[in-house]
Amino acid sequence: MNQTISVIVPVYNVEKYLSQCADSILSQDYSDLEVIFIDDGSTDASGQICDQYAEKDPRVRVIHQKNGGAAAAKNAGLRMASGKYLSFVDSDDYLEPNVYGGLVRTLLDTGADVVQGSFREIYRNRTEEQRVSEETLEGYEYLLRFPKDFSCALLWNKLYRRELFAGVFFEEGHKIDDEYFTWQGFLKPRKVVRVDRVIYNYRKRASGVMSTPESGERRVLDCLDSTAKRRRKILDSLPELRQAFDENYLDVIWYLSGNEGSTERSLQALKDSLHSYMREKGRMFPPVYLWKGLAKLLLIPVPKLLALCKKTCMQIDLTDYFD
């Protein structure tokens, strides 16, 4: 019986970190693995390192493709994956030792579709743990957590039954990926078990934050776009969940209006989105805690909003991040 975990690892110019990532996967206590490295047009030695692991370990498969971004790489991995279970690992991160065996046992013992663990954020000079509470969620309980718990949208802190994402692929061409994808596995009733064990180490890199004005603006626009698309799809499929996802949409618009990545273009997009929302039939009226922020966004001209944003937003200190 197929009990294989397909591990999808998108790879792009990570020669400094790739061996630690690969070793953490291949040394797991659970040996029934299909490890798929997708070399997304790397210009350093990453592609060769992938091939070296494939030569040494028959569980490793390598795809070399032209650079298309992380979403395109993950899609290539999804098309190749054949295991019963699915795991995603970013190639500059690494797993804790001996986690896959326990995660598979949890799925088998509980009949769950997904098991989620805690994770550790790795900075240059410190670490921070992001813990989850031990609990079991069924039906649409987990989908309703997405608006309030950022760890739900993360891709790599979970082990999935691969069937959750049958026919589902990443939307390509964006600065962010998980926010367009993960929730789509929960549009049907699911059982999710959360375990308070650190399973994953997430390396904080400068390339993953808003290190340039262009990347900051792109992240703001992508966050707005992904939240709007998620809300629309959920309202079409599950209208009974409207209140939670209407409120989440308004909350995201408000939050992004004061984001350090804001530009005139992104602030205008937020204004336009809020105006469109307020004209919708059947939409939820904004909750009291958002009135002041949303009124400011509607009424204050974009140049003044941008000036206020630049004045109040804290700048990210990139010295604490890896290259």
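Phe88, Tyr160, Phe165, Phe170 and Phe181 form one aromatic cluster. Rings of Phe, Tyr and Trp, the last by its six-membered ring, pair if their centres lie within 6.5 Å; planes under 30 degrees apart count as stacked, over 60 as edge-to-face and the rest as tilted. A word on the source: this is a predicted model, where local features need pLDDT of at least 70, side-chain atom pairs count only at pLDDT 80 or more, and totals for chains, interfaces and linings use all residues. Residues are numbered from 1 along each chain as its sequence is written, and side-chain values use heavy atoms, with hydrogens and water left out.

How many aromatic pairs does a search of the whole structure find? It finds 17. Take Tyr142 and Phe186. Their pair is tilted, at 4.9 Å centre to centre and 45° between the planes. Tyr142 lies in the loop between strand 8 (135–137) and helix 5 (150–153), and Phe186 in the loop between helix 6 (178–181) and strand 10 (192–203), so the pair ties together parts that are 44 residues apart in sequence. Helices and strands here are DSSP runs, numbered from the N terminus (helices H or I, at least four residues; strands E, at least two).

The cut-offs: buried is under 20% relative accessible area, exposed is over 50%, and partly exposed is in between, with a 1.4 Å probe and protein chains only.

Next pair. The ring centres of Trp156 and Tyr200 are 4.5 Å apart and their planes are at 10°, so this pair is stacked. It links distant parts of the chain: Trp156 is in the loop between helix 5 and strand 9 (158–161), Tyr200 is in strand 10, and 44 residues separate them. Trp156 is buried at 7%. Tyr200 is buried at 0%.

Now charges over rings. The criterion is NZ of Lys or CZ of Arg within 6 Å of the ring centre and within 35 degrees of the ring normal. The charged end of Lys56 sits over the ring of Tyr53, 4.6 Å from its centre. Arg203 places its charged end over the ring of Phe322, 5.0 Å from the centre.

On to Pro147 and Asn248. Pro147 is in the loop between strand 8 and helix 5. It is buried, at 18%. Which residues does Pro147 contact, leaving aside neighbours within four places in sequence? Arg230, Ala244, Phe245 and Asn248. Contact means heavy atoms within 4.5 Å. Asn248 is in helix 8 (residues 242–256). Asn248 is buried as well, at 8%. Beyond four places in sequence, Asn248 touches Pro147, Thr227 and Arg230.

Two C-alpha distances. Pro147 and Ala76 are 71 residues apart along the chain, and their C-alpha atoms are separated by 29 Å. Gly68 and Gly173 are 105 residues apart along the chain, with C-alpha atoms separated by 8.0 Å. Gly68 lies in the loop between strand 3 (60–65) and helix 3 (70–80). It is partly exposed, at 41%.

Last, the surface. Trp291 lies in helix 10 (residues 288–299). Its relative accessible area is 43%, so it is partly exposed.
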